[in-house]
Structure formats: structure tokens, C-alpha cells
4 protein chains.
Amino acid sequence: MNATRTVELDGHIIDSGAMQRAFGIVMDLGGTFEIETFDVGRRKEETSYCRMEVGADDEETLREILHELHQNGANLADPVDARVEPAPADQVVPAGFYSTTNHPTEIRYDGEWIPVEHVEMDCAIVVEQSSTSNQNSPSSGDVVEEDGDGEPVRARTKVLNAIREGDLVVTDEVGIRVKPPDRPRDASGPFGFMQGGVSAERPSESLIEEVAEALVETKERGESVLVVAGPAVIHAGGGDDLARLVREGYVDILSAGNGFATHDIERGLYGTSLGMDMETMEHPRKGHKHHIYTISEVIRAGGIEPAVEDGLIAEGVMYECVENDVPYVLAGSIRDDGPLPDTITDAVEAQEAIREQAREADLVLMLSTLLHSVAVGNCLPSTTKVVCVDINPATVTQLLDRGSSQAIGMVTDVGTFVPLLADAVVETGE
Amino acid sequence: MNATRTVELDGHIIDSGAMQRAFGIVMDLGGTFEIETFDVGRRKEETSYCRMEVGADDEETLREILHELHQNGANLADPVDARVEPAPADQVVPAGFYSTTNHPTEIRYDGEWIPVEHVEMDCAIVVEQSSTSNQNSPSSGDVVEEDGDGEPVRARTKVLNAIREGDLVVTDEVGIRVKPPDRPRDASGPFGFMQGGVSAERPSESLIEEVAEALVETKERGESVLVVAGPAVIHAGGGDDLARLVREGYVDILSAGNGFATHDIERGLYGTSLGMDMETMEHPRKGHKHHIYTISEVIRAGGIEPAVEDGLIAEGVMYECVENDVPYVLAGSIRDDGPLPDTITDAVEAQEAIREQAREADLVLMLSTLLHSVAVGNCLPSTTKVVCVDINPATVTQLLDRGSSQAIGMVTDVGTFVPLLADAVVETGE
Amino acid sequence: MNATRTVELDGHIIDSGAMQRAFGIVMDLGGTFEIETFDVGRRKEETSYCRMEVGADDEETLREILHELHQNGANLADPVDARVEPAPADQVVPAGFYSTTNHPTEIRYDGEWIPVEHVEMDCAIVVEQSSTSNQNSPSSGDVVEEDGDGEPVRARTKVLNAIREGDLVVTDEVGIRVKPPDRPRDASGPFGFMQGGVSAERPSESLIEEVAEALVETKERGESVLVVAGPAVIHAGGGDDLARLVREGYVDILSAGNGFATHDIERGLYGTSLGMDMETMEHPRKGHKHHIYTISEVIRAGGIEPAVEDGLIAEGVMYECVENDVPYVLAGSIRDDGPLPDTITDAVEAQEAIREQAREADLVLMLSTLLHSVAVGNCLPSTTKVVCVDINPATVTQLLDRGSSQAIGMVTDVGTFVPLLADAVVETGE
Amino acid sequence: MNATRTVELDGHIIDSGAMQRAFGIVMDLGGTFEIETFDVGRRKEETSYCRMEVGADDEETLREILHELHQNGANLADPVDARVEPAPADQVVPAGFYSTTNHPTEIRYDGEWIPVEHVEMDCAIVVEQSSTSNQNSPSSGDVVEEDGDGEPVRARTKVLNAIREGDLVVTDEVGIRVKPPDRPRDASGPFGFMQGGVSAERPSESLIEEVAEALVETKERGESVLVVAGPAVIHAGGGDDLARLVREGYVDILSAGNGFATHDIERGLYGTSLGMDMETMEHPRKGHKHHIYTISEVIRAGGIEPAVEDGLIAEGVMYECVENDVPYVLAGSIRDDGPLPDTITDAVEAQEAIREQAREADLVLMLSTLLHSVAVGNCLPSTTKVVCVDINPATVTQLLDRGSSQAIGMVTDVGTFVPLLADAVVETGE
């Protein structure tokens, strides 16, 4: 082995699977390891610590191994500063830039560890002196370091399209610490017992009760619930009960698309008609007259909020959002009819709006939409709790795979789930 | 029955299922029918004709029935003109506007039947005097009617967001004829024998050969092949062979997304690296360093075409498209990293670009992408041939349900399908 | 065309799709047709009649076409008797034997049309003189013909393994009439409005109410409900409510497997243990200690009924079946542990037991089991109503494809479906 | 904690995930642990050793925890003998019997560790003195212990229905060692690099080549290949190439069902007919005339082997099996038509026949059959290599979940997989 480096892991590194993944990465990529120290936590509340030298035949391979290890929480032991390099142009990262995970991350700058703000996967980390950062002035709760000149320094994630020429972008893997979340230490509630994972094995009704408890507890702690909803919620008959959850105050933020909002409004406008009842995702036609007409009428009113004020929209999820000041983002897609005036048709703008929602959320409920759930999931740190519900197990698996031990999935019918959840929440909340 | 109207069907209305659907619609929606004339084609090449009076308890129900009948090719018998009404505002349709199917359609104007141009489902039909239509001057092949003042009149579809105040929009169902395509009369080739439908029942290799023949025949007739491709084509190992099909001239137009293009280019840049081999849709991380870096490098080059010229991109599907002047549309989505400079991030703009592609296509090959296939499918008339390939039967079914007898589906692995198809095409084409 | 024959169709042949299928068959198989008579029903309650000559290049092809037409209700017009030939050996059918559909069927014998008893697909038809048929003496309601010697003649289906040497087996397609069921003429209840088909498009709760109504109405008519249940009913948490439906008298017959019964009993014995809660279909181990121990204890007791009497089994679906005299069949499979003493391990014996159940059933509720549902479905005539519930759309589609317009499917979570159904049934039934 | 016991783990316990699972089990079930010793392997070829005390509030919970730990390779440290108790009756296990995993297992008897023969999950372990075990006399390679009286003692698994009154059955968890297989130490071949798991991320063609290599290597080592095949292999067009693999000597044992064999033979008899081409799993009818007729003809011939000798069967997979002396088991199911005389209709007998096949196999290729693959998988020790191919990811996942690091899955089309595999095997084998 011509190239070696020393990495460290600490925390509940065995039962979180971090050690296993670390060994697996080294072996898959053809490397070697030699344990220097392994202090194992003797009891379940105690953490473990491992320090090992990783080797590879060449620097190229070693770098690959270290990158993968890093993604999984094995950090370089060297007490050196992170390296930064200026971005050569707008939207262009320097060679060897550091690409983030969705785990809590710190960088070492002038000998001090600075937390990276707004953690999100597949971003660059940009180091800023606060005085030069006019758009994001530090708010009171933020942790800020002073640099050598006494000026505060901060680090935050930036997606590629937000990179500007000259941004100081972190490169290489040195001086960076990643900390994947441990699995919960106790076994109460869906995020305890389930330890994440798909719940095909649990009786559906009892799991719904646990999700209801998690929802109520989140609200009791004064935290925020973000609901990501697809059109199937409306088709399957969950619209009334999702509207009820909004009205009762259990939904703080809504993330959806043009299709969801249109179907919800259309149901209010034409709900008793046969046309509506026959509408289906599987239908030969992508929309129908009522669908287009609904969009046209909302355009005429000037948007969803004016349409509520005009009395055009008098019920449903969007109505309750407007009436209860629940902010919503409707992200556009190339499948959309219309779209509604509220729909953000530009994908980059829509991502930015979703990013804001994701940062505010403490519990995310994803209901029957792969596209919007993935878009939201892309912006979430691994510490945010996620419940994902879909009748298609592949969708649930795909969403959970990008998550953490904080994510649980449920393969069930959203048309029976939402009503049963609303009942359970109202009961639990009383 | 207090409300009645007479409708007509003609063509191969029994074996295309049109009569069955018509009867089903009337009965499902609570109406009645009385056959006035039924002339049945005595042999398979002869068409049938049916004229029947449809009744309902009230005008509202009757209108609903007639709308559904219309969508399926049962046209009002009344020899009256189509009704038009000016759009009250931009993007707002008049009440009772006529919403199109994807079938060939004609409207009656001043006593003459005018074909509707650019047929596409869920659009409005706008009537224009050519002199007022500056953007779409009639080309030589177009059928144009003269209106009362001797000026040519034409009718064409407009999606909701293209409607402008004052546009003369067709309303109601009178004076409109829809003609769903008949099923093919003979049984050769995939579009004959299969008569559309999902082909789980056919030996995969023999069906691939038939698709290859259809591809070669399309090219021999001088017609256009549109390929709609998802990232799974690259992941599953179909990239080289899709590139080969482009190089050999069997692909005229490409419709894809930012993810497809990035994975294709990334594979050329980092293809032998382990990082690439491990990349997966199911991976916890949505992209990875190479993915972001690929986008960054293409941005630095100024786009895909300059990157090909610079030699940065030297192989793959996008490379062959640039080298062989195959136009492509990369439509953005809220899931995207980056995106690449070539990606159209605005959903409405992207739809417009896709619409242009769809109108040019004679044969569409949809490969492992639900989002882009639906977007393309939304713009296709029912007369365009479609082959849809996906490993998920639900995707194939959903895409075919919006299609016609011209669509066939294949549930198979795109990673084995594309190589076998390329081999078969090259053999057949020689 | 060197070979021709005349066939007839009557009934609601257009809206049932029979005409379309008939034309499709002729064309797919390379034949021709010439309509001789086509009398179309003028109103929805009137039937239509079609008589047409079918041609093919050779007798072989014609026979193939006629066979397929026959399966779909197009019967040979020739007023001749059915041909019979003695079976050459046990379990061996004569060459050219007639293979049944699952539709009501008659054969012409000595100039009279005799109904075929116990219609079931893929069987042979055996003609018997009652005097020689000692095992199946005609019960009062049976239709019996007298043959030339004044002895009553009857026709019934026999599966291949029941054929005995010398049995008079119907061959060829002449002298046989098949009558597929028409679609319901009105639109009330799930079997009306839905007209069969998968119900992804309906709000789940409202469809559950309609199924509940169908269940209650079946019982009110004094008819029989057969429930086919898989282990997932227990895993997903539907056991208590299925037991309740049995107790309340809404289940007359149960068809399941060793796995269902074992999980149900195990839940009663160990239900509150953690071991049980963690049990899952997806679990690495196929069963577990409790599973094996449950079977062992029931073996020790001598079977399910003695185990109920002993007090070993004190709750659950099997308990309620024993207590309420609901007969059950537990069919074995090569996946089984144990099995329980009640399990019929021989596949042919189990089929025979299932066949008896299927013949008694008027409404069949299939809950989350492909294997047992297919086995039951194989024995059902197309006139029996079927509701099929599964979270996997492919299962629902596969089961419905063998059915009729009497079958509806629901893609939902059996763990929420059964509780909601039980509530709705009890409410409706009061 | 009122109840404690000490357990040990050794081997590659971190990178195999054994430590993680052990900690997870203790925490999920509400227990505690205290590490007494943890010697970590410093390099990848070195094993680790952990000794820890596990505690719980009561003996009941502790027993549950120890049971689960045991299943995952954490063995009780106490150097005591395994406990045995006589079975109280045929097919009845003593209370507290030990239920096996599919991992290599040893029991301690008279102070010596004896390997358990024929390891299979969910069985009991029976201790036998060889003199009393007349049916299974020790062959030369078997490890046999002498008991106190100088007689050899052996331990082997028995499924529930093989238990006889008086059998000495191992109970409790003491004196038993379980050793789950480590993950492979190097990364070549599909069982190395893939480390098991579903291979959606790999290019299909390159993975097929690796499976081909594994097949060829297995043969070169003189080991046995067992193919488990479903009817879809024939429908999808893989029959000819599977027959070729049998003919070329790459298949040693075949495990299938009545449906597979019938479709294979039918294809030989009627393969070019249109009837055959239209046959499909999704077809309304479960079989068709040719299907029944094929079975009938084989019955007339007296079975598959005589039918080959008679020349009735002249090609296909079953033909090649007969001609090349490849033994096959056709296991019956309640879905079957016929069945063929070769089909074992009794589930228990069929399981026994499958068990024999499973014990002989070194590499198992499961092709598109859930039922038969589960039945075979149930009998396999975790050390047998398994490749599972299905177009349905849920099937692949379900089969792999019961496996080990020796199992890999491929989500692809068996109709393209088998031909490409046969080509690759023949190329590799040359």
C-alpha cells in the first residue's frame, strides 16, 4: 500500500452500522485498514471510538475510499484546516470540491470547527466572512467563528447553480467532520421501535396511531409539520381529511404540484358530477374538461388566494391553507395542464422554494407522490423525521433509501390512511 | 327522457370498440339510446355506420353523455356549424369550451368541415382567419377554408396557457367530428399483430425483432423516430447501444431530461471509475461528486455542444447527437442537480419544445422514463406510433392507456433491450 | 378462402364487447368474415343478433378461429348435435376434445339443448345417462334430458384427472353454445357502476361501502359468501375484523392455506409477544419458533376443531369458523411449515375441495392471496360475483383478467380495508 | 435488570453486520448489554471477538432476546451441554424446542461440539446415536461424536412433520453455536463485488457475464448447479436457451412445477401454432386446449420419460433433462391443470424431494418463480450461493431477504436474460 491516511469514527458507530459500512467501503474499493484504537462503549448509552489507518495502492484509489468513508461519517484524523479554493466562474466548482452528505457537518477553519449551515446533500460548502455575506446575515441563533482578522466566519451549503465566481469553496476531504445520526436509543413511537424502515410487517391501524402520536407530539413541541401531497390523495378520497388536518392546525406547510391543487379545487367545484367520479390517473386522457376549466377559472380570479376570497373556492385542502395561513409551494412539472397562476414553473425557482420549506420542517409527511417527495427529500438534512406513505413499495423504498434512521415508510392506501390518520390525530390531540 | 340528441359513428366502429364504448358511456351515465340506423360492414374491409338518438333526464346529464361520446368518436349528427366564442382573457377559456381528444378532429365552419391542426388532447380549438394569424402561416400542405369574406379560415389546438383574450374558441359539442383510429386491418409487424397492448405474452427476442423492423421501415419511409430516454438507460448499460443507434441514423430526435444527459456525459468522463459503477438510482445520495462535477464542467464549457467541440465530451448519446445533428430537448424537473446549461428549466417552455418534437415524430420509442414519456405522450396525436419499454408494468400500462391502437408496450429490462434492439436494427437495416 | 363456417352471436353483443372480440379474433388469426344478418337492439334493454360466415385458408386455421370465437360466445349456427367420443384411457381426452370456458354452456344432444352442469374453465364436457351416473344423481333442480331410449341424459364438466376410460367426451365445436354474461344494465352497486375492472379511480371509502352493501344484500337474498384469505390479512391487522365478520354471519365459507390458519392461531396464542409483532413476510426466516410451536400444539390437540374444544384456540378467524359452523378448506403448498393436521396436502384433493366451495359461492371476496385466489377463480363460473382486494395491482389485474363483468378489483391495504369493511357491513346490515 | 446471560460473537462480526444486529436486537427488545471483551481484528483478514453480558427485566424477555441473538450468531458463552428432551408425540415438539436458522450450527453434547447436519431454517435439531439411526448411516465424510457409552452421536435437523415420538429434540438456547457466513473478503465475481443484494445498479450485460463465470467456475470445481424455473421462462422465450444450458452440461438439477413442464412440452408439440403464441399468464383462461391436450398426451404415454422415448417429446428443457440424465422435481400446486404424471401432488412429499435437491446444490439459479424459489430457498443453508432473477423487484427482494451474503438478485427480463446467459456461458466455458 503506497498511500495511507488515518480516519476516525465515534458515536454509536456499531449499532448505527457506521463501522460495518466503513469496513465494507474499504474492502469494496480494494483498500486495506489497520485498526489503531477501538474503544467500544460498554453499555448502550456509551459511545464507541475507532481510529484506523486506511491504505490503498495509489493516491487516486485512496481518495475514492476516503470520499466514500467521509459520506458515512468516517472523518480524517488529521487536525488540519479545511482547504478552500475560489470558484472559477458562476456555477462552476473548483476541481476536487467537497460534495456534501445530508448529515450534520463541520469544517475546521483557522483551527476551529465551524458547523455547516443548512446541510443538504450534493452541495458545495462555501466559507464566508459575514461582512461579505450580505444576503444571509447571521441571525441570533447562528454559530459564527471569528477569522484571524476578528471577523466572523461561517460555512454554508450552496447548490451548484447558486455558486458565484470567487466563492470560497471547500475542496478535498481534510478538515471536515460528518456525523450521521445515531439510531434512537429507546423504542417508543414509530421512530423508535421501527428504527426507520418499511413497515409492511406492522398492523396498519396500530402504525397509523403511532404516526398520529408523532404528529401531535411535534405540534406540542411547537415544531413544524410539512405535508408533501400528490394528486392520488384527492383521487383516493383523502382530500376531506387532509383539509381537516389543515383546519385543525396539524399541517404547517404544504408542498405539492399543479396537479394536486387543481384536482383539489376541481373536486370542490364539480365534486358531485359524474365527470369527477370517473376521473382517474389511469384514464386515457390526461385531464378533462373540468380540469382545464378549473385552471381557467382560477386564472380568471387571479390565483388561488383571490379565488378563495371571491368565493370560487369554498372547500378543500387549498381553501383551508388560504383560510388558515398555511403557506404552500406548488412546483411545476412538464406533465402539468395549465398551470395555475400559483404554480412555480421554473424548476430552479421551485427547488429554491422547496428548500425553504424543507429547512423549516421538523416532521415531513410524504403522501403518494414520488416526484415531489424526492424534490423535498433532496433538501432535507438526515436529522429531519420523515414518514412516507405510498401504495407502491418501490416508491417507499426509493424515498427511504436516501433518508436516515429518522425515516419510516408505510405501504398502504392513502385513501384509507388519511381518514384514519385524521381520526387518530384528533383523538390523540384531545 | 326530456333531452335527446342524435349522434353518428362510422368506420370500423365494432372492432375498434367504438360502439361498445358508446353504449357503455350512455348506460354508465344513466342515459338511453335508440338506434335509428345500423349499417354493418359485411366484410373486414368494409366500414359500419350507426345513427342513434341519445336521451337523458335533463340537459345537464345529456351534455355530460354527449361530451364523453364525443371523446370516443360519436359525433353529433346535426349539420350545424361549430360555435365559437371569444376568450374573455389571456389563458381563460369561455364557459362550455370544447376540450380536445388526441384523435383526428374536424370542425364545421360556414357549412364546411375544416380539419383541426396539431391535434393534441385537453386543448381548446381556436378558429383563425389566416390573415390574422401571423405566427403560423399556412404551409403548402395545409388544408385551408375560405370564410364568408373570402379569407381562409383555419382551426388549430391551443393549450390553456397559449390562449389570448379574444381568441375564437370552439364551445359546446356541435359541429365537431372526432375520428379515433381504427385498429390495423392486417396482422404483420408489432402494430398489427399486437394491436396495441402490453406484450408480456410474447417472447421478448421476437418482439424486439419486430420493433427493429418497425424502426427500419420508418426510416425507409423517410419518417422520423423520436426517442424518449430516462437515466435508467445509462445505469442499466444501454448507453453505448443507444449512442450507436444515433450514430447509425436511427434516431432523429431525442427527448430527455437533465439526469439522462448528465449520467451519459458522466459515464464518458468517469466511466471506468469505481464511483461510477457504484452509482445507482437507489443510492442514498441523489447524485455524487462526479455527477455535480460533470455538470460544473459542462457549465464551464458553455453547454453540451461547446463541450463536444472542446473535446470534453468524446463519446456517448449526447456526443453522437451533437456530431450527427440530432436535435434534443432536455426538460428540467424539480429533482435535478445543476442543471446543465442546455436544460430548459421552465416547465411551460419545456412543454412547448416537447410539443414541437412530438409533432415531427412518426414513431416514438419511450425508454424507461415515466415523467418524460407522459410529457411527450400528452402532445401526441393518437395516430402516431408509440413503443413503450419499461421494467415496471404499471409504467407501461399508464403510458399505453392514454394511447391508441398505435401504441404497444413491452415490460422488459432496458439494459438488455437496447443492445438487442441495436443488433436487430443493424441486421435488419442491412 | 377454402374453408368456411357460419357462427351466431346474440344478446348484448355490442356493449359486452363480444362483437368486437369476435371481429378481432377473426382478423388476428388471418380469417375473413361476411355478415349475413345483423339485427341491432334499438334500445338498451333489447338484445342484438349477428350471423356471419367465417372463412380461412385452410381447415386447420378455421378450426383455430372457431375455437377462439367459441370461447367468446360466437357459436356455430349449424343445427347439429354435439359430437362425443369415448375417452381412450383414464385422464386421457379424445383428440379434438372440447375445452370449456367459464361461461354458461349448452350442448345439443339428440336435437335438444342440454345445459352443462358445474361450468368451469379448461374442463372437458362429459355426457352421461343418469342411470350410469351413480355418483352424481340428479337433484330436483337439475335439468335433465331424455335420450332416444327414454333415459335422462346430462352433461357436466370434468377436469382432466377425473376423466375415466370410456367417458363420453364432447369433441369439436359443433352443437355447443356458450353465453358470456352481459354487463349489468343498470348502474347501482359496485357490480353495476364499476362494470368490473380495477377501481383505482374510486375513493376507497365509498367503494368499501358499496362492497359492504353487496355483502349485506347477498346475505339478505339467502346466498353464500366465500372468503379467500391470505396470511397478509393477519399480518396487516385485519384478523380481528375478519373474525368479527365470521361471527356476525357474513362469511359462509372460508378458503385459505396452512399459513393463514397458522398465523391466525399463533396470533391468538402469542399475540402480545414481541416475537409476534416482529414477524413479517419479508423476514429472513420463513417462520419462527412460535409459528412451528403453534402447529405442533394443534397437532398435539388433534386438529383445529379439537384445539378449539380444548380451549387452546380461543379467538381469531379459525376459532369463529369452528364456533359458527363455517366450513373451511386449508389447501397445502410447498411453502408450508408443518402443516396443520387440517391442511389438505395433496393438490388434486385440495382442488376438489375448493371446487365444492366455489360451486356453492354467490359472492367471493378474495383478500391478499394470489395462489388461493387463482385456485378458487379457476373453479368459478363467470356468473359468480367476485371482489378482489390486494395492495399489488398486478395481482388484482391477473385475477380479474380471468373473470367477467361480475368481477371488481380494489388496490388497497387489506389492513385498513377489512376493518373499514366490517364497520360498514355492520352499519349497513342493521 | 433481573436476568442476565453472557453471549459471544466471533468472526468478521463488524463488517458482516453481526455486531450491529446484535446491538439492535437487544435495544429493540428492551434489554441492556455490557461489553466484557472486545478484541477487534486489526486488518481485514483478522477476525474480531466480542463477549458481552445481556440483561433484561425478566427471564421471559431475556429468553426472547437470546433467541433473536442466537438467530444472528451471538452464542451463549456458557460452556454447558445442549439440553435435549424427547418429543411427546409424532410431529409434536417439546416445549421450548430450539428452532434452527439456516446458518452452520453446532451443538455441545457430552462436552464436545457436534456439527448439525443438513442445516435448514425452522427445523428442530434431533440428537441420534448412530446405532439407532438406521435410515441415515454416517458416510465417510461425516463428523461423528462418540457418546458416553462409546457409541457415535450425531445431530441433524428435522422438519416438524418428520418428528417422531421419542426423538431427542434440542431445547433452549444453551450449548448451541450458530455461525452466519462472513461476507467475501475479496471483490471478484458477482458474489464478491455485489456482496449480495439486488443489482439494479449494475449494467445488465456485465452482470450476466459475471453470473456466467460463476456458473462455469461451479462446474469446473465439479460442483452442482440447481435451476429453479417458472413458466415465465417459456412464455418469455427463454426455453430454447435453458434447454441448451441443460444440453451443454451447465444444469445438474431442475426444480420446477407442473406448469413449467407442461408449457415447455406444449411448446415443442404446438410451438408454431398461433394458439401457442397467444398463450399468456394474463390471459382470461388459465390454460387452453393445447395445454390440457399436452397433459393428456403425456398421461397417455405414461409420463415424460416414456413420452421422450416414444418420440412425442422431441425438444425443449424437459427433453434435454431426460436425454442428459438431469434429475428433476415437478412440485404440484393448487393452480395446476392436469397434472402431468411426473408431478408430485402432495406438498409434503414434494418438499422432501426439493429438500434432497437443495442439499446437493452448490449454486442455485432461480428464474421467475416465487412459489418454487421460496420452497427451494426454505431448504437451503445460508452457505449455498443463490442467483435470483425476476422482472418483479418485490419477488427478488423477498427471496434475497431470506438469504445470506451468498445471494444476489437481478431485476431483469428472463426472456432476454436466459439467451444472453447461455451465450456468455458457452463463451466463458470454452
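Colleague: Hi! How many bridges join strand β1 of chain A to strand β3 of chain A?
Modeller: Nine bridges join them in this predicted model. Strand β1 covers residues 3-11 and strand β3 covers residues 48-56 of chain A.

Colleague: And do those two run parallel or antiparallel?
Modeller: Strands β1 and β3 of chain A run antiparallel. In general, strands of a sheet pair through backbone hydrogen bonds, in either a parallel or an antiparallel way.

Colleague: Which residue in β3(A) is the bridge partner of A:Gly11?
Modeller: That one is A:Ser48.

Colleague: What order do the strands of that sheet come in?
Modeller: The open sheet in chain A has four strands, in the order β2-β3-β1-β4, with antiparallel pairing. At the edges are β2 (32-39) and β4 (75-76) of chain A, and each of these pairs on one side only.

Colleague: Nice. Zooming out, how many helices and strands does chain A have?
Modeller: Chain A has 15 helices and 20 strands. It has 430 residues, and 58% of them count as buried.

Colleague: New topic: how is chain C related to chain D?
Modeller: Rotate by 180 degrees, with 0.0 Å of shift along the axis, and chain C superposes on chain D with an RMSD of 0.0 Å. The two copies are therefore related as by a two-fold rotation axis.

Colleague: Which residue of chain C comes closest to the rotation axis?
Modeller: It's C:Asp346, whose C-alpha is at 2.0 Å.

Colleague: And what share of the contact residues of chain C recur in chain D?
Modeller: The share is 100%, and the same surface serves both copies.

Technical notes:
Residues numbered from 1 in each chain as written. Chains lettered and ligands numbered in written order. Predicted model: local features only at pLDDT ≥ 70, side-chain atom pairs only at ≥ 80, totals over all residues. Buried ≥ 20, exposed ≤ 12 C-beta atoms within 10 Å, placed from the backbone. Pairing = 2+ DSSP bridges. Least-squares fit on C-alpha atoms with pLDDT ≥ 70 in both. Contact = placed C-beta atoms within 7 Å.
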